[in-house]
Amino acid sequence: MTQYSVPANVAGHIDFVLNTPPPQRKGRIQPVSTVKEVGQANITQILKQLDDCTTHTTPVCLRALYGIIYEPAAVEKNSYGIVEYTPQAFVQSDLDDFFGNFSADEGFYRGLSPIVVGIDGGFVQTNSRSFNYNGESNLDLQYGMEIVSSKQPVTLYQVGDLQIGVGASFNNFLDALDASFCGGDDPNYDAIYPDSNTGGYTGPPDCGTSKPANVISTSYGYNEAELSAKYMERQCLEYAKLGLMGVTVLYSSGDSGVAGNDNLCLDDHGYETYRGKRFNPSFPSSCPWVTSVGATMESSNATTPSPDNARYVEQACEKVIYSGGGFSNVFPMPSYQSTLVNDYLKTYSSSVQYGSAPGYRWNNTGTRAYPDISANGANYVVAVNGQFSLVYGTSASAPVVGGIFTLINDARIANGKTPVGFVNPSVCSNALHDITVGGNPGCGTGGFRAVPGWDPVTGMGTPSFAAMMDRWANM
């Protein structure tokens, strides 16, 4: 029998002590990639063709759908960064195969690769090869690089060593960008360096060693319920700081609709469970100072995509994945989105408040709502380990939107302006295609529905490149 002792001053207030074992985890909680593979693509049928965009998304489909026509003119002063976490790694031969088959940009010569910036022992590992090890990085780089063209160098922030289960975190990455953020890492969530484990990074933690790119895209995320409020609030303020520095920070909104990663929901006490009835928000998407990117798909009866019909061609993604979206349980609603979101709440949602009684699904008490914007996240053709795979996820949406904002920055810089930085307050419907069809089910419900204006499925909508350029390039 286990014996316990307690301080005398509290002993009189205790009737019994439950011997509850701690939850069992495989290492520390880590950010989860938002990408799904569903099969192989037949490139003989789709090579640079618009007719098959409803079943196979390639760069030419995205350029046609969103009207992306632009020749970069200020690449030496501009920058675009994509973040990956070891052991996720791109494969150079896959980049070569992808650009050789799907890019009309002749500047993508064989061997053209991103500029790798290793953080806390981060490197592009080559020992493990499979979709699970290479799919995310290949997807992000193949589409991120193609959208901005071969002229624009792309930085790959490769974060963390090879210690499986104790890998690097978003805080570790932020430490490298801003020395003033260092010193607050939490061993419950963050990797601590030097790492004395076999194969671990034995050097000092990277602190202010890397310059932030003008646009930074990340296709990984946590569930809010996995982290402490204090931890998330501190990290969220750092994203606000980056925004003030002129950095646009993008995160994918998640692939499980109103549920969290791994389709986990919340019980009435806020704990994660597969049987939960409450919605499980995603972080950092729930931070008001990042731009959260959801996912759409082309409708099965869609015509050939073009900027003129994009609002009719697209709907919320309801195949393989569902666009992550909802309302934070931690962060209050920022003023910049209050009018849009309150209009949604008044028009389309119940007045029942989450938390006022057991079993209510979501938080409509006036908290941060996401996503902010969306893009196609379905049927992406991606070269992975010598084959072409069909891939789904907000993992695909985020680097595409990041590429578009990089082109907008190019136009601004070429005209003597600064990068656009934090974009959320200036996101408006007349620069985007409003998506009004589809939903994001989860937690045993149909989730939310896409409606006119902002909604917690696709945000304000998907890119209209010409309108976005007119909106932001001239601000």
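This is a predicted model: local features need pLDDT of at least 70, side-chain atom pairs count only at pLDDT 80 or more; totals for chains, interfaces and linings use all residues.
Local features are taken at pLDDT of at least 70 and side-chain atom pairs only at pLDDT 80 or more, while totals for chains, interfaces and linings use all residues. Residues are numbered from 1 along each chain as its sequence is written, and side-chain values use heavy atoms, with hydrogens and water left out.

Most peptide bonds are trans, and most residues other than glycine have a negative phi. The bond from Phe 283 to Pro 284 is cis, with omega near 15°. Pro 284 sits in the loop between strand S11 (282-283) and strand S12 (291-298); helices (H or I, at least four residues) and strands (E, at least two) are DSSP runs, numbered from the N terminus. Tyr 370 and Pro 371 are also joined by a cis peptide bond, with omega about 5°. The loop that holds Pro 371 runs between strand S17 (367-370) and strand S18 (373-376).

Positive phi values come next. Val 320, although not a glycine, has a positive phi of about 70°. Its place is the loop between strand S14 (318-319) and strand S15 (321-322). With a relative accessible area of 44%, Val 320 is partly exposed; buried means under 20%, exposed over 50%, and partly exposed in between (1.4 Å probe, protein chains only). Asn 385, again not a glycine, has a positive phi of about 55° and lies in the loop between strand S19 (380-384) and strand S20 (387-392). Asn 385 is partly exposed at 29%.

Helix H9 (residues 338-348) has the buried residues Val 341, Tyr 344 and Leu 345. Down the axis of H9, these fall within an arc of 95°, so they line one face of the helix; the arc is that of the directions from the helix axis to the C-beta atoms. The buried residues of H9 pack against strand S16 (326-332) and S17, where contact means heavy atoms within 4.5 Å. The face turned away from the buried side carries the exposed residues Thr 339, Lys 346 and Thr 347.

The second largest pocket has a volume of about 310 Å³. Of its 20 lining residues, the closest to its centre are Arg 63, Ser 103, Ala 104, Asp 105 and Glu 146. Helix H3 (59-66) and helix H5 (131-148) are the elements that give two or more residues to this lining. A pocket is an open set of points on a 1 Å grid over the protein atoms alone, where a 1.4 Å probe fits, with protein on both sides within 12 Å along at least five of seven lines; lining residues have an atom within 4 Å of a point. The volume is the space filled by probe spheres set on the points, which are joined across faces, edges and corners.
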